[in-house]
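Below is a short report on one protein model. It covers the fold, the cores, selected residues and the surface.

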Amino acid sequence: PVFGLSVMASSKPGCAACASGGADGCVIISKIQGVKEEEQARQTESSITETGRMPIQAAGKRGINGICIRNDGKIAAAGCWDGRVRLFGVKKPRQLASLQCHSAGVQAVEFSHDGKWLASASEDTRIALWSVFQDT
């Protein structure tokens, strides 16, 4: 099953980027085409094309709970069952970094509105704040 999903509108009209992750431990980046602004609140016939599938490299627990795309559409963060936060490129799908602070699974990740900070929340009851790739 899918546990995390994030959609970010593209600067190109009618397009959006989508990142998802779940129990299989893969981050999937997709491009959505054919989105019209007035159709956002109802079902549409958009075209979804997978542009990247990246399995996380983890010993043991490989699943993903939460995922978020930064407002500039360049980076996605995934909160993983092994307690790490992994960063992925959206336009060129690949893993960029693996951040470790938590001692239990990461339940949620969220970028600040200005994209300078990333927060992660874990089963270990801690919240971490990260300064990530501010000049991308």
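The protein has 11 strands and zero helices. Helices (H or I, at least four residues) and strands (E, at least two) are DSSP runs, numbered from the N terminus. From the N terminus on, the order of elements is β-β-β-β-β-β-β-β-β-β-β.

This is a predicted model, in which local features need pLDDT of at least 70 and side-chain atom pairs count only at pLDDT 80 or more, while totals for chains, interfaces and linings use all residues. Residues are numbered from 1 along each chain as its sequence is written, and side-chain values use heavy atoms, with hydrogens and water left out.

**Overall figures**

The protein has 136 residues, and 43% of them count as buried. Buried means under 20% relative accessible area, exposed means over 50%, and partly exposed lies in between (1.4 Å probe, protein chains only). The protein exposes about 7800 Å². Carbon and sulfur atoms supply 51% of that area. Accessible areas come from the Shrake-Rupley method with a 1.4 Å probe; for residues, only the protein chains shown count as cover.

Contact means heavy atoms within 4.5 Å. Among contacts between residues at least 6 apart in sequence, 38% join residues at least 24 apart.

**Cores**

A nonpolar core is a set of buried Ala, Val, Leu, Ile, Met, Phe, Trp, Tyr and Cys residues joined through side-chain atoms within 4.5 Å. The largest nonpolar core has 15 residues. Within this core, Val27, Ile69 and Ala78 touch the most other members. Strands β2 (15-22), β3 (26-33), β5 (64-69) and β6 (75-80) each supply at least two residues of this core. Apart from it lies another core, of 14 residues, among them Val85, Leu99, Val106 and Val132.

Which residues does Ile69 touch, not counting residues up to four places away in sequence? They are Ser6, Met8, Ala17, Cys18, Ala19, Ile75, Ala76, Val90 and Phe111.

**Two buried serines**

Ser6 sits in strand β1. Ser6 is buried, at 11% relative accessibility. Its side chain reaches the backbone nitrogen of Ile69 at 3.0 Å. A polar contact is a pair of N or O atoms within 3.5 Å; within protein, one must be able to donate a hydrogen and the other to accept it, and residues adjacent in sequence count only if both atoms are side-chain atoms. Leaving aside neighbours within four places in sequence, Ser6 is in contact with Ala17, Cys18, Ala19, Ile67, Cys68 and Ile69.

Ser122 belongs to strand β10 (residues 117-122). Ser122 is buried, with a relative accessible area of 10%. A polar atom of the Ser122 side chain lies 3.0 Å from the backbone oxygen of Gly105. Beyond residues up to four places away in sequence, Ser122 touches His102, Ala104, Gly105, Val106 and Gln107.

**A buried glycine**

Gly89 lies in strand β7 (residues 84-89). The relative accessible area of Gly89 is 7%, so Gly89 counts as buried. Gly89 touches Ile29, Lys74, Arg94 and Leu96, not counting residues up to four places away in sequence. Gly89 and Gly73 are 16 residues apart in sequence. In space, the C-alpha atoms of Gly89 and Gly73 are 8.9 Å apart.

**Salt bridges**

How many salt bridges does the structure hold? There are four. A salt bridge is a side-chain nitrogen of Lys or Arg within 4 Å of a carboxyl oxygen of Asp or Glu. The table includes Arg70–Asp72.

| Arg53 | Glu50 | 3.0 Å |

Arg53 is partly exposed at 44% relative accessible area, and Glu50 is partly exposed at 41%. Arg70 is buried at 3%, whereas Asp72 is partly exposed at 36%. Asp124 is buried at 14%, whereas Arg126 is partly exposed at 37%.

**Surface patch**

Val2, Leu5 and Val7 form a nonpolar patch on the surface. Together they have about 300 Å² of accessible area. Patches are made of residues with over 30% relative accessible area and no salt bridge: like charges are joined within 9 Å, nonpolar side chains (Val, Leu, Ile, Met, Phe, Trp, Tyr) within 5 Å. Leu5 lies in strand β1 (residues 2-9). Leu5 is exposed, at 57% relative accessibility.
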